[in-house]
Amino acid sequence: TSRKLSEPISLIVRSSSAAGKSRLLEKTAMLLPPEDVERVSRITQAALYYLGDSHHLEGKLLVIDERTGSVEADHALRSLQSEKELTLLVPVKTPSGGFRTRKLTVYGPTAVMESTTEDVEYQNSNRVFEAHLDESPEQTRRVIDAQRARWAHANGNGHGDGHGAGDPAAMVRLFQNAQRLLRPAKIEIPFVRHVRFPAEWIRARRDHERFLGLVGASAFLHQYRRERVDGDPPVVQ
């Protein structure tokens, strides 16, 4: 949801192989309108600069299946997260045979979500929330039980007809349409001066901003149930 805010939140899901990282990314992205999600398997070093449409990633969620697929574009992704835009100067050949410099700009803000089985480099970890999956035997048993339940009936591993209560496709459409109802708004946190945050380490300067961004994203998501101050855009508390 924070992809729509000026300070979006990014996430790296970290766990062992087979724990369900890709599944989690897939299901999360599925609940958002397809026009707001860009999902890729790999990004080469300069690929983000040559998107063509400079606003293609603005207000979107960029999902990268595995962090190994984004290593080449690491610098570009960090710049997109911190600066909210990318700029590249490249020489291009002119019809006369000479060269001129062309400026390529890609605008954010963009929320980035990816997964990994490895330790996250410090320069990346202080720009994202790092989430660890439940790898306990109890969770594994719940997964196995869910898999058995899906195969217990002839239509359990197929697709519903799109009708009826509890239909997965209908539930996905409901979530997507709820996201489409969100409108631009400024966020105000009335209790922010009462927040106490550890300041013993330097990365708190970024961690604190992400923490407040999480609070703001919650208010933005519930904008139709929160106090609103009229304006253009309105202020949501």
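What follows is a working chat about a predicted model of a protein chain.

Trainee: What does the secondary structure of the chain come to?

Mentor: Six helices and ten strands. Bear in mind that the model is predicted.

Trainee: And what box do the C-alpha atoms fill?

Mentor: Along the principal axes, roughly 70 × 50 × 40 Å. The chain has 237 residues, and 35% of them are buried.

Trainee: How much accessible surface does the chain have?

Mentor: About 15000 Å², with 53% of that belonging to carbon and sulfur atoms.

Trainee: What share of the contacts with a separation of 6 or more comes from residues 24 or more positions apart?

Mentor: That share is 73%.

Trainee: On to helix H1. Which of its residues are buried?

Mentor: H1 runs over residues 21–30, and the buried ones are Lys-21, Leu-25 and Ala-29. They span an arc of only 60° around the axis, so they sit on the same side of H1.

Trainee: Why would residues spaced like that point the same way?

Mentor: An α-helix has 3.6 residues a turn, so residues three or four places apart point the same way.

Trainee: Which strands do the buried residues of H1 pack against?

Mentor: Four sets of residues are involved: strand E1 (11–14), strand E2 (37–40), strand E3 (60–64) and strand E6 (110–116).

Trainee: Which side chain of opposite charge is nearest to Arg-127?

Mentor: Glu-83, at 6.3 Å. Arg-127 is buried but has no salt bridge.

Trainee: What is Arg-127 in contact with, leaving aside neighbours within four places in sequence?

Mentor: Ser-10, Arg-78, Gln-81, Ser-82, Arg-206 and Arg-210.

Trainee: Now the surface. Which residues form the nonpolar patch with Met-171?

Mentor: Leu-174 and Phe-175. Together with Met-171 they have about 300 Å² of accessible area.

Trainee: Which helix is Met-171 found in?

Mentor: Helix H5, residues 168–180.

Trainee: Last one. How many residues apart are Met-171 and Ala-47 in sequence, and what is the gap in space?

Mentor: They are 124 residues apart in sequence and 34 Å apart in space, C-alpha to C-alpha.

Conventions. Residues numbered from 1 in each chain as written. Predicted model: local features only at pLDDT ≥ 70, side-chain atom pairs only at ≥ 80, totals over all residues. Heavy atoms only, no water. Buried < 20%, exposed > 50% of the residue type's maximum accessible area, 1.4 Å probe, protein only. Lys, Arg positive; Asp, Glu negative; His and termini not counted. Salt bridge = Lys/Arg side-chain N within 4 Å of Asp/Glu carboxyl O. Contact = heavy atoms within 4.5 Å. Helix = DSSP H or I, 4+ residues; strand = E, 2+ residues; numbered from the N terminus. Arc of directions from axis to C-beta. Patch = residues over 30% accessible without salt bridge, like charges linked within 9 Å, V, L, I, M, F, W, Y side chains within 5 Å. Areas by Shrake-Rupley, 256 points an atom, 1.4 Å probe, with all protein chains shown as cover.
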